[in-house]
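Welcome to this guided tour. Please open your viewer, and we will go from stop to stop, selecting residues as we go.

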Amino acid sequence: MKFRSKIVLAYTTVALLVSLILGIAVARISLQYEMTSQKNNLRVTAKSYVTQMDERLSRMDAIMKYILSDTVMLESITWLAEDQYGEVPNRYVLDARSNLGTRLTTEYIMKNSHRTVFFNQSSFLASSATYTTGAGILPKQRLISDFEVEEIPYLERADAADGNSVIVISHPDYWSANDKVPVYSLMKALRGEGMGYLEVENRMDSLESLEASDPDIEFLLIVNGGEILYASNGDYGTELSEEDLKRLRDQQENQVLTEDGSIYTKASSSEFDLTVLAYKKNVLLEKERGQLFSISFAATLATFGISLAMIIFWAGILTRPIKRLQETVEHTNIENLQENRHLEAAGALDEFQELIRAYQAMMVRLDEALQNEKKAAKLQLQAQFDTLQAQVNPHFIYNVLNTISSRAILDNDEAICEMCGSLGTMLRYSTNNKERYASVEKELEYLDSYFYLLKARHENSLEVSIDVDREIRRQTIPKMTLQQLVENCVKHGFQNMDAGRHISVTGRVLSDRWIIRVEDNGCGVPEEKLLELQRKLEEARKDILERAKPAEMEIGGMGVVNTYARCLLLYFEDCVFEMENVPDSGGFAVTVGQRNT
């Protein structure tokens, strides 16, 4: 079988499998998307019902707060409560009854309730008129002539609420003498003996105006832990069964459950004892499922047909340059590598051309790697030679110093002997290539020898002070760090100064670091020079920590940048290295150290 046929067969099999998998996936995703959309819509609708009911109940609760905040009405209620014991003058009682009857008939109360009622244990009743949008404020309707508080069926829960508002499910308007329309109430037993009750009523048919985004969604308004305040199917004023009540309690807030092709969820009010149970029956019928699968199957066939056509077309395009590519590779060797370097296979895709160029580029890189290897070997030999040469020079200098010291002993010149000894100690310390780092204690010993030679040269014109905490002397520091900083002071800091020169070396342990500060009282560093030094330090930091390459400086350079680079290699991010001009003395100071980790 030809390669082209194999490609067509292989990719046709793959296309068929992929088309089937995609068809099934699309069908499942479509079903899941539709179900997810329905569930989200159900959650939003349930929350919308809770919000609308919260707003209605809040208006009813606000009416009771409005009444209790009115000093006249509250005083009148108090007079009527005390009148039950015969201790209030009759004119106060008459005024109280009149005030309650008048103030309950306000536009605010009538507009936001079907009826607002105050009654007490002595069978006193005061009620607002009914407010309708079309006809305006109607005259006060005829109320019942008398009543017994004990006969009112829904007072027991109000008494048990201890002054809090309670919701009363559907019941006839108990206070109307002629029109017993179904209403629901929010009522409160006022605190205090004989203070009475406040009841705010709204018509049950007003709940039919609750808005929903999906008219197919049905719902229950459940109050007081299990009483049905309203049901969209018209069945209300009852209690949930024990089984339904248990299921409602077990269901989590905003959780959508599926049962027998229906979905349902619940949402609860944070202000009132109100729960909305929203549900939708027959979310996806079998007919709708079949339509979704039919559409997915048709899409699968269409995808497979288009894929097959594309496979046949591209198989011809792809196999055409393969023969030319084969010939090019077979005739390519090291001798004609440069000749075929820019050879292009006619009609080939970029990948085939890139394959040829990549192979040829690999040969070029291999040749460059061989040349670099030869250069590296040569540099290694040169470095070994330089190391051996460097070991010869100190040995010769030691012999010369011993000769000078011996001659000084014969001439009884102890100063020269001491100088030769100090210089020999310095040479042995500085030329020891086995150790790159030393303790601060050894650095200070080396610095003592260096200071001895400096004083021998400058006599009394140079003063030196060393004050380093004992804890710091055990710390590790790059060799000759302090000597380089002191040498910079002598070389650059005391220009045009013949007397009064002073160098201080102090070491302190701080809360988060230890530092050694080398300070002189010289002429300081010009601002431009200080900025240039700081720029070089930052460049060295980038070379070492970010670019992972040696800091660029002259080999053997012993300046501030060299010292900073060696400290950075030892301490890395914990390195402390600061430079500053000292305003008090006019000199320059360099601080090195390490942060605590």
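A polar contact is a pair of N or O atoms within 3.5 Å; within protein, one atom must be able to donate a hydrogen and the other to accept it, and residues adjacent in sequence count only if both atoms are side-chain atoms. Keep that in mind for the stops below. This is a predicted model, in which local features need pLDDT of at least 70 and side-chain atom pairs count only at pLDDT 80 or more, while totals for chains, interfaces and linings use all residues. Residues are numbered from 1 along each chain as its sequence is written, and side-chain values use heavy atoms, with hydrogens and water left out.

**The whole chain**

Start with everything shown. The protein chain has 14 helices and 19 strands; these are DSSP runs numbered from the N terminus, with helices (H or I) of at least four residues and strands (E) of at least two. Of the 597 residues in the chain, 39% are buried. Buried means under 20% relative accessible area, exposed means over 50%, and partly exposed is in between (1.4 Å probe, protein chains only). Contact means heavy atoms within 4.5 Å. Among contacts between residues at least 6 apart in sequence, 61% join residues at least 24 apart.

**Ser 113**

Now select Ser 113, in the loop between helix H4 (107-111) and strand E1 (115-119). Is Ser 113 buried or exposed? Ser 113 is buried, with a relative accessible area of 4%. Its side chain makes a polar contact with the side chain of Thr 116, at 2.9 Å. A polar atom of the Ser 113 side chain also lies 2.8 Å from the backbone oxygen of Ile 109. Beyond its neighbours within four places in sequence, Ser 113 is in contact with Ile 63, Val 200, Glu 201 and Asn 202.

**Helix H2**

Next, select residues 71-83, which form helix H2. The expected span of a helix is 1.5 Å times one less than its number of residues. For the 13 residues of H2 that gives 18 Å, and the end C-alpha atoms are 18 Å apart, which agrees. Colour Met 73, Ser 76, Ile 77, Leu 80 and Ala 81, the buried residues of H2. They are on the same side of H2 because they cover an arc of only 140° around the axis, where the arc is that of the directions from the helix axis to the C-beta atoms. At the N-terminal end, Asp 70 caps H2, with a side-chain oxygen 2.9 Å from the backbone nitrogen of Val 72.

**Two loop residues**

Most residues other than glycine have a negative phi. Select Asp 162, where phi is positive, near 55°. Asp 162 lies in the loop between helix H5 (155-160) and strand E5 (166-172), and is exposed, at 52% relative accessible area. Then go to Asn 224, in the loop between strands E8 (218-223) and E9 (227-231). Phi of Asn 224 is also positive, near 55°.

**Helix H11**

Select residues 440-458 for helix H11, which has 19 residues. From first C-alpha to last, H11 reaches 26 Å, close to the expected 27 Å. Its buried residues include Leu 444, Tyr 450, Phe 451 and His 458.

Finally, select Cys 567 and Cys 575. Cys 567 is buried at 1% relative accessible area, and Cys 575 is buried at 8%. The structure holds zero disulfides.

Terms used
Disulfide = S-S within 2.5 Å.
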